[in-house]
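Thanks for coming, everyone. I'll take a few minutes on how the chains are arranged and how they meet.

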Amino acid sequence: MKRWGSTIVLMSSIIFVLAKSGAAQLKLSENTEACLSCHSQLHPGIVAEWKKSRHAQITPGEAIKKSKLERRISAETVPDALAHHIVGCAECHMMNSEKHQDHHDHNGFEVHIVVSPSNCLTCHPTEVEQYGKNLMSHAYGNLMNNSVYRSLADSVNGIQSFENMKTRIKPPDPETNLDSCIYCHGSEVKVKGKTSRETTMGQMEFPILSGWPNQGVGRINPDGSKGSCTACHTRHQFSIEMARKPYTCSECHKGPDVPAYKIYEVSKHGNIHSALGKGWNFNAVPWTIGKDITAPTCATCHVSLLVDENKEVISERTHQMGDRIPWRLMGLIYSHPHPKSPDTAIIKNKAGLPLPTELTGEPAPMYLIDSKEREKRKVAMQKSCLACHSQGWVDGQWTRFENTIKTTNEMTLTATKILLTAWEKGAAKGLAQKDSIFNEAIEKKWVEHWLFFANSTRYASAMVGADYGVFANGRWYLSKNIQEMMDWLEFKLQNQPERKDKKKEKSK
Amino acid sequence: MKRWGSTIVLMSSIIFVLAKSGAAQLKLSENTEACLSCHSQLHPGIVAEWKKSRHAQITPGEAIKKSKLERRISAETVPDALAHHIVGCAECHMMNSEKHQDHHDHNGFEVHIVVSPSNCLTCHPTEVEQYGKNLMSHAYGNLMNNSVYRSLADSVNGIQSFENMKTRIKPPDPETNLDSCIYCHGSEVKVKGKTSRETTMGQMEFPILSGWPNQGVGRINPDGSKGSCTACHTRHQFSIEMARKPYTCSECHKGPDVPAYKIYEVSKHGNIHSALGKGWNFNAVPWTIGKDITAPTCATCHVSLLVDENKEVISERTHQMGDRIPWRLMGLIYSHPHPKSPDTAIIKNKAGLPLPTELTGEPAPMYLIDSKEREKRKVAMQKSCLACHSQGWVDGQWTRFENTIKTTNEMTLTATKILLTAWEKGAAKGLAQKDSIFNEAIEKKWVEHWLFFANSTRYASAMVGADYGVFANGRWYLSKNIQEMMDWLEFKLQNQPERKDKKKEKSK
Amino acid sequence: MKRWGSTIVLMSSIIFVLAKSGAAQLKLSENTEACLSCHSQLHPGIVAEWKKSRHAQITPGEAIKKSKLERRISAETVPDALAHHIVGCAECHMMNSEKHQDHHDHNGFEVHIVVSPSNCLTCHPTEVEQYGKNLMSHAYGNLMNNSVYRSLADSVNGIQSFENMKTRIKPPDPETNLDSCIYCHGSEVKVKGKTSRETTMGQMEFPILSGWPNQGVGRINPDGSKGSCTACHTRHQFSIEMARKPYTCSECHKGPDVPAYKIYEVSKHGNIHSALGKGWNFNAVPWTIGKDITAPTCATCHVSLLVDENKEVISERTHQMGDRIPWRLMGLIYSHPHPKSPDTAIIKNKAGLPLPTELTGEPAPMYLIDSKEREKRKVAMQKSCLACHSQGWVDGQWTRFENTIKTTNEMTLTATKILLTAWEKGAAKGLAQKDSIFNEAIEKKWVEHWLFFANSTRYASAMVGADYGVFANGRWYLSKNIQEMMDWLEFKLQNQPERKDKKKEKSK
C-alpha cells in the first residue's frame, strides 16, 4: 500500500497549496487533502483552476444560507458530511463511487473518473432535474437510436472506397464517431478493462474507458446517468462567467448546421457584447439587466435568472431550455412545434419514419406541443426581450420570424419534391429502394438545404443576424440549391435512357 | 386621461432613477422625467444604457463649449430650449413630432417612435449632412429602385415551387425582404394603422408601423428622411467606443458578399487590435495615433478625426466615407471608379442597364469620378497609412491593390463571357429572352464570381487579409468557378440537341 | 547635406519624445536619437508602439543579467556597443547595413529598410537558429521551388481567359503572387533600383524594393537570410503578449486550407481563453501554468517555455516547432510523418514527383522522420497536455487523432482513385498528358478534398474542434465530394463518345 508514503508527501504539499492559494482558512476534507498532495504537482493546471472556482471558496453549508435569489445551490439542505468542507476533488470524484462502473482503488482511495449529474445533484437538484427534461440530455440516443439520424451519421462518418467505377461505404469505426457527431452529442462511456501504468507514484492500475474523453451534452455516464454538466460548466473552475459567455455555446453551436453563435456575433446584441461586454458583471447572481449587462448573451434569454434593479424577477432560471422555445428551428427537415418529450427517438410519423413531420412537412402532432403551449413558451421567451424593447418592436420581430419559418419550410418542400421525383424516376435510390436517403450527391444537396441553409435562415431571423439569412448560408443558397438540384436531375435523366440503350445494344 | 395617475408614480420613480444613477445633479427636462417615471421600470435595460451614455452626462450647452478638436457637437449653436437639460427620452422622441408620421398621443405626450437623422441634426448637422452624401444613406433606393438589383433581390428572396419538372418563383413577401436584404439596407417605415393594447398603465393606443423594427443604414423614416444613425451609434448608449470598434461594421460587412470584417480580423491591423486593443482608449476625441491606439480599426481609416501627440490633425472626421474611397470594390459586377452621386439608381450604362459598367466591364464614365478625384481620395486615405508606414511601403501596397482590381475584373470578364455564350447558345435564358439574369444555376455561379470571390479578393488586397484573397473565398474560387461554369455549359449544350430531337420524334 | 539641419530639429524633438514617454532616463544611442528627431513626428504610430516595447524599456546589458528562466535574450553575451543603450531604431536598421542589399544613405546615415533574422540573432541566436530549422523559414522555397506546388499556385493565381469555347490560363504576374500565396509564405525582397522622393525633409533618395512590403514567415531578405521575425513578433512593439495570443497565428492559419485558429476558437481550450483569458498574464517569462494561464493558446503547446508554480520546467521553449510534431497534417495530399529537413523542395517520391508520398499515399520514407523520432516528438508535445490531463485522457485523445489521420488518408485515396480513373479514361488530362494536375474542375474538387476537408478534419481531431471535423469543412464534405466527383466523371464519360461521333460526322 502506498497510502502512508503519500501521506508524508501530503504534509509539505498541503502547506504549499494553501500558501499559494492565499486561502489558509479553506476547510479541505481529509480526502481532498490527500488528492491535492499529489495532484497539485502532477496536474498543476487543473488544481490552479479549481482554486479559482467558487467550489474552493465557500462551503455548501455557508452557500446555502444565501437569500433565495442569490443562491446557486438549489438543494433545500446539503448532507452534513459535505456542508463543512469546500467542494474539492474528493467531494465529487469519491461521491457514491460504488454506483459508478469506473470506480477503482486509487492509492487506497475509492474514486471514479467520470463525475456525472448524479453527483452534482446533491447540491444542484433543480438544475439536474430540469436538464434531464431538456433535449440536450438525450442527445446521444436522439441521434444513435433514431434509424434515420443514425443513417445520416453513418453516411457522414463511414469510409468510402472506389472500385470498378463504383463507391462503397463501410460503417464508421467507433473512434471516428467519437471524433465527429458524438463529440457534441455525448458518448457512451463504459469500462472496457483495466490497465497498469508506471506513474511518478509507482505502478498503478486504472480502468480503461471506451468513449473517453468526452464532455458531450448527452453523455451516457458509467453510472447510467445522462448528460455532462461540464459541457457548459467547464472543469475545474466551473465559472458561471464562462457559462454565461457565448463562447461556451459556440463549442457546439457554430457550424453550418447550427450557426447560432455566428449569428449572435453579427447581431446587434452580439455587437454590444463584443464592444462593451468587457465592463459587464458576468458573475452576479441574480443577473441584473441594465446594471450587470446591457445586452443579452445566449444564457440571458435561454437560461439565467434575470432581475431588474429593484430585484423584481424578469425571467426565472431554467436548465430546461425548451421551456422558452415554441418552435424547433434546426436539425430536422422542417421546422415544427417543439417535441413534447426530450426523447425524440420515440417519435414516428404517419409514414412510419422516426421523424416529427412527414417528408412533405406535415407535423406528427401527437409528439409535438400544441398552440397553447407554444403561446406560453413565446410569452416566457419575450419576457427578456421586453426588458429593453416595446411590445410593438417585439411583435414586429416575431411576425417576421414566424413568417421565415413558413417560407423556409416552403423552400424545403420544393427541394424535397425534386428529390422525391429523382427517386420516382430512378435517378437516385431512396426509401422505396430501401437505400440510404443520405448517400448520393442529390441527397446530400437536399440535406444541406434544410440542415444548413434553412436552419441558418431561421436562426438569422430569430436572433437578427442579417447576412446569415441572405448570403452567408441563407436564402441565397436555398435559391441556388434548388436550381442546382434541378440541373442534376435533368442531366441524370437525360443520360439515363442512353445507358440502358447502350446496354441493350451490347446484349444483342 | 391618465396623466395625473402617472405623475403620482413619477414622484417616487424619479427619486429611484436619480438615486440609482448616482447623478442627482443631472438636469432632466420635465418631459424626460415623465418618460422615465414609467419606462425606468418597464424597460430597465434601455434606461440603464442611456444613463451610461454621454447624452445623459452633459448638457448640450456645456458640450458646445469644448475646443473644436474635442467637440462632438458640430452645430455652431444649440437651441436654448435644449441647451440646459441633458439629452433624454423626450429631447429626441418628442422633437418636432408633428413632422413624423408616427407621432401619437402617448399618455398625454406627443411622441414619435422612430428617431431620425432630422432629429439628430439639431446638434450634429455636419455628420447628418455628410452622411446624406454617403452611398449608405441611399442604400434602400439603390437596391429597391434599381431594376437589376431589385431583380437580384427577388431571385434570392422569392419562394420557389416545383411542379411538372419545372420550378417557378413568386415575388418575395414584404416580411421576407425585411428579414433579408432590407435588414442592412434599411426599410421604408410607414404608419399602416393604429392598435390598442392593454399595458401595465392601462389600455393605450399605438401606431402600427410597417417595416419596423429596422436600423438599416438607408432607412426611409416616417418623416421622409433617409438613414438611421443608430445603425452604427447603437441605442441608447450611443457609445463612440462601440462605433469605433470593428464589431459595429461587422453587423453588415461580414458575409461572403462583403467580408470586410473577416479580412480585418486576420490582417496585421486586426491582429494588433485583438491582442492589444484592450488597453486602447476608444473614447478620446480627438483620437491620438500612438497614444490612444497603435493600429487602426475600420473607423480610424474611414471616419474618425485623427491627431498626433502634438494635436496636429492627421485625418479629418468624415461621415461621407466615400471621400477617401477612389474605387468601388464590392457589390457590382466589376470594380470601378466610385460613383459621383450617392443615388446610384440614376445610373444607366450604354446598354441601357442601371449599372456603372457595361456587362463587359467598360465603365459608364459620366456617372463615375474621374482620375483627378480618385487621386485626391487616394491621398486622403493614405494620410492615415502614413502615420505608421513609409511612402515606399504604402506605394508598394497600393500598386498591388490596383493590380488586383485589374486582375479580378479580368477574371470576371471571363466568367461573363461564358455566361453570354450560354445565353447566345440557348443553354440559359438571359437579357435577350427578357428573363431574369439571376435565376438559373449558371447565372448564380456568375453572381458568386463577382459578388463573393472577386469582392473578397479585392478586399483582402485592400486591407491585407491574406487567405481571403486565396483559399477563403478568394482566387481559388475564381479559378475553380470558371472551370465549373465551363463544365456546366458543356454538359448543357451536349444534352440540348437531343432534347429537341426527341421532341421532334414525338411530334411526328 | 541635411544632417545639421536635422540635428537642430533633433534637440527639441528629443525633449518631446522623452517627456512624452515619461522615460527621461532611457539610454538612447546617438543614432537612434537622430532617427527619432524626425520619425517621431513623421510616423508617430510606430514610434509610440516602440516606446511601449521591451526594447525601449531595458538595455541588453541589463536584460542579460536576468536568471536563465526569466531571460528573453539567448545570447551568452551582447556586444559592448549595444549593451548600454536601449534597442532603438538604429540598433536594428543600422546594424551591419553593409551586408544588406537595401542599405542606403539616409540623411547622412547608412540604414537598411528590411530588418532580418541576421540582425535579431545578435541578442536572440537560439531562436534564430531554431527557427532556421523550422519548415516556416523555408516557406518561400518550399512553395516556389517545388514544381508541383508551384503549379498549384499558378493554377490559383493565373488569369484565365475564354475564347472559342475554351479557357486559357496565363502565368500569374508577380504582384498577384505577392498579394496571394506569398503574403504568408514570404516574398523574395530585392533592390530593383532607386527613386527620389520629395519629403518633408526635402528631396531624398530611397531604394525601390520588389516583393515589398512583406512579413511572410519565409521571406528571403536582401541580406540573403530567410524568415521574418516580425511575422509573429509584430513591429515595433514586439510584444510577447501578442505573439502568445492566438490572433497572431490566425493571420495565416485561419483559411479553409489551414483552419487551425478557427478550430482552436471552438475548442474547449479556445472557449476558456475567450471567456477567461482577460485575466491571464501573457507577459510573464517563464509562463506558469495555472498561475499565468489556465488553458493553452497556440504558443503554449508549440513554442513557449512552461513551468509550474515551483518553477519546474514543463516544456522547454522552442522556435523549431516541428520538434513536437510527429505528423504533418496539412498542405500535402496525404498526412504523413514529418519531413526530416525544413527544405521540402529536395523531396522526391518513387514516381519522381517532389512529394513526400506517392499519389496513392505510400510515404517516401527516406525524407521523413521514423517511428522512434515520432514517439519522441509525441512525448514532447504531450508534456503540456499532462499539466492538466491524466495520461488516460491524453491517450484516448491521441488514439482518436491517429485514427483520424488514417481514415482521412483513406478518404483521400478514394478521391484520388476517381481522379486517376478520370485521367485514364480521358475525361480529364493529368500527369500522363503532361497537363497541370490542378486546372480542371475535377482536379480542383480533388484538391479541396485533401487541402480543405481532410486537413480540417485532422486539425479538428488534433485540437478537438468538434464541427470542423463534421459539418464545418469536415467529414460531411469528404463524403459529399466523393459522390460529386463520381457524378462528374459519369456525366463526362457518358457525353464523351458523342462528341467524338459528332466530330466524325462533321469531317465526313
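**Axis and contacts**

A word on the source. This is a predicted model, where local features need pLDDT of at least 70, side-chain atom pairs count only at pLDDT 80 or more, and totals for chains, interfaces and linings use all residues. Residues are numbered from 1 along each chain as its sequence is written, while chains are lettered from A and ligands numbered from 1 in the order in which they are written.

Now the rotations. Superposition here is by least squares on the C-alpha atoms of residues with pLDDT of at least 70 in both copies. Chain A superposes on chain C by a rotation of 120 degrees, again with 0.0 Å of shift and RMSD 0.0 Å. That is how a three-fold axis relates copies. In chain A, the C-alpha nearest the axis belongs to Phe491(A), 4.4 Å away.

Next, the contact. Chain B puts in 50 residues and chain A 48 residues. Contact means C-beta atoms, placed from the backbone, within 7 Å. On the chain B side, helix H3 (residues 44-52) gives the largest share, 6 residues. Helices are DSSP runs of H or I, at least four residues, numbered from the N terminus.

Which surfaces do the copies use? Only 2% of the interface residues of chain B are also interface residues in chain A, so the copies meet through different surfaces.

Notes. Helix = DSSP H or I, 4+ residues; strand = E, 2+ residues; numbered from the N terminus.
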